[in-house]
Structure formats: C-alpha cells, structure tokens
Amino acid sequence: AMSASLRTHHLPPDLDVREIIRTRTPAEGMFSENGAQRYYRIEAISNSSGMGIGAFLVLEDFPIFTREFRGRAVQMLLNTLMLLVVLSLIVSLTIRQYISRPLRFVSRHVKAIGQGHFVQRLQLQRQDEIGELADEFDRMCVRLDDAQRTLSTETEEKLRLARELRHSEKLAALGQIASRLAHEIGTPLNVMQMRTEQLLKRETQSEKDRQLLNVIVAQIERITKFVRQLLTLARRPEIHPQPVAINEIVRCVRETIGDQDTPSGMTMTLDLTEPLPLVLGDPDQLQQVLLNPIVNAMQAVEGAGQVTLNTRFIPPHTEQHGRVEVTVSDTGPGIAPEDQARIFDPFFTTKGAVGGTGLGLAISREIVLSHQGDLRVESTPGRGSCFLMSLPPASDDTAFAPRDKEHHASTDQQGSRTDSRC
C-alpha cells in the first residue's frame, strides 16, 4: 500500500513506485507543487534477502538545493582555477628554463657570429632537440672559423703576391733606367775620373788646384756608387750561401763601424742569444744588410741615445718554421706612420735632399728576400724604431753554432772596444 506522504505530493504521474521497489532502482527529479519547484528522490528498501519491501521519499526545496549546488559549483570552479594557475606557473617556468633561456643564449651567439666572432661555442649538455641544435651550431662555428682562417690566409697570400708583382714591375722599370744610366753616364764618368787623376799626378799643380781636383774625383765616385747601387737593386744580388753564425755577423758589423764612428754620448749595446742555430747565407751580403739600419739608427739618435743589437731564436709553431731574428733598435724620434709603409721603397728617404739616396734599405730588403727571409720595421713616433730581420735556420734540425764563451752581451761606448772578432 502507498503511504500518505507519497499520495499527498504531486509527483510525476509516470513515476511507478512499485517498479522502483521491485527493481531497487532509485529515481530522482524535479516537480512543481504549490507554485514552487521541489527536488525528490525515491530509494527502495530491501530486506535481508535483498527483496524490495518498500521505499522512502526524500524531498528538498529547490532554493536550498540550488544554494548548495551553487556553493559546490563555485568551490569546484575555484579549485579548477587554482589548479590552472599552478599548472600555468609550472609550464611557464619549465618553458623559460628549458626553452626560452637556451633560445636567448643561442640568439646572442648567432648575433656574435653575424659580427664575425666565429670562436663562440654553446657547449650545451642536453639530450634533446635544443642540445642537438647547439651541437650542430658548434660544429658550424668550427667550420666557419676554419673557413675564415683559410680565406684570411689566401687573401694575405694574394696580397703578398700582388705586392711582389708590383715590386717586380718597379724593379724591372728601374733596371731599364739603371742600365741606360750605366751606359750613358758610366763611360763619361770613367773618362773624367781618369783625366782628373792624371792631372793630380802632375807635380806642377798647386795645392788649391789639387783640392779642387780631389773634390771632382770624390763627386765622380759618388755618382759611380749611386749607379752601382741602382744596378744592384735592379738585379737581385746573387748569393753564395754557406752556414753562418749570425752572432758573428753582428760582431763583425760592430767592429767594422768601430768606436771612431760612434757619436759622443751614444751607447751601442749587444744583446746576443747563445747558442743560436746556423743560417744559410752570404756573410758579406748579411753584413751589408745589418750595416744600413745600424747606420740609420746611429744617425737617428743624434748623438745622445742608445742603439741595441739583439739576436734570438723564435721556435717553430703551427703556422711557420723556426726563425733566427736580428733586431736593430734605437731611442731616436721614430718614423711617422705614413712613412713606415714606404720605408723600403727605392729612393724614399727621411733624411732630406742631402741625407741619402734612399737605396740602402731597398737593397737590404732585396738581399734578405733572396735569403728566403723577411725585413720589416716597427716604430712609434717619439719612442724610437726597430728593424727586424728574420732568417730560416740552415736545416730543419736547426744545427746550433758553438757557444763562444769570450763573446756575450756587452755594452760599447765611445772610448771602449767590444771584445769581438771578425
């Protein structure tokens, strides 16, 4: 039988309570009663054997249910929002740590490479796509660096060959001029010198006439020497190579100059490294090479200053073989930057119209080049100049000259002699 509670409420007409009891399947829903919305739920009551014997009705006013539902919905929404915020923060930190920061790091290095700094390396120790990108980036940098070095070397070699070609063209033109001068001027000069010397042999010449004739002879010899220098420069000098101890060459040049040619107040210092490898060269020509910058240095210090002759061995490294280097440095006024690039050009001189012909250093450079060496200058205005001559050792095993215990670094001043032998 149906209880009064079930009969008094206007439940949906299709609701079959007996079917709910029989099947023990609950039913719930909404219905209208007295103009208000209400929530109902019917549950079956079973006995100990599991057979449905009745049912009970649960009713709830809709506003109360709605408030509860809304409260739970708001709480669920807040929980969902908090979870999304936490997840967003975790994702943001993860992206920043593992994606954004490495990409910014890569971007900075890419900009550096764009500016030509190919030594940049990422070196990211990661086992993901960004790590693979960094490894490939590092390999690319190595290839670009090698390509840049190769290109730089090839460019320098091309520039060197171009300079040598221009220099050869200058020497070829100079050779034609020198040959013409030697032919057109040499013969008349020889005749003039011979006639002048015959006049000097006459005992009837007065002392004043002899002085004038000696001036003529000196000027003829000066012109002859100039023509000879032109020919020497135009025709690269032939060398007679032999193993040479470069320290002995330096000492010989120092003894050739002598103390009588050393200006008052000037100091000449020998700073020679012992032992040094032998070089393959022509002793006479190497002495001529050193004599020119030493005389120039003595003239540059203008009496009060110091000239230093230094030798050393530069060990071989990856880019070039070992070199024996001789430096001639002074404390003079130095060479202007615009003159340093032209200092080895024929006829260029900083001594003025009466100071020199401008052929000494040009000839010295040609001699050094014929010895497979290099002659260059380093100078700072106001702080002096330094001429550096480098030559290859006599052989790859760099045989060393025996040490001479009587010869070592020494300082020469006017009135003192260097203990050296030539």
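Mentor: Let us begin with the nonpolar core, a set of buried Ala, Val, Leu, Ile, Met, Phe, Trp, Tyr and Cys residues joined through side-chain atoms within 4.5 Å. Here the largest one has 38 residues, and those with the most contacts inside it are Ile246, Leu290, Ile294, Val307, Leu309 and Met389. This is a predicted model, in which local features need pLDDT of at least 70 and side-chain atom pairs count only at pLDDT 80 or more, while totals for chains, interfaces and linings use all residues. Residues are numbered from 1 along each chain as its sequence is written, and side-chain values use heavy atoms, with hydrogens and water left out.

Trainee: Which element gives the largest share of this core?

Mentor: Helices (H or I, at least four residues) and strands (E, at least two) are DSSP runs, numbered from the N terminus. Helix 8 provides the largest share, seven residues. Among the other elements that give two or more residues are helix 7 (246-257) and strand 7 (305-314).

Trainee: What does Leu309 touch?

Mentor: Contact means heavy atoms within 4.5 Å. Leaving aside residues up to four places away in sequence, Leu309 touches several residues, including Val250, Met268, Ile294 and Val328.

Trainee: Are Phe344 and Phe387 buried or exposed?

Mentor: Buried means under 20% relative accessible area, exposed over 50%, partly exposed in between (1.4 Å probe, protein chains only). Both Phe344 and Phe387 are buried. Cys386 also counts as buried, because its relative accessibility is 17%.

Trainee: How many disulfides are there?

Mentor: A disulfide is a covalent bond between the sulfur atoms of two cysteines. The search looks for a pair of cysteine sulfur atoms within 2.5 Å, and in the whole structure it finds zero.

Trainee: How should I read a sheet?

Mentor: Strands of a sheet pair through backbone hydrogen bonds, either parallel or antiparallel. Two strands pair if DSSP finds at least two bridges between them. Strand 1 and strand 2 (residues 36-46) are joined over seven bridges, and Gly29 has Tyr40 as its bridge partner in strand 2.
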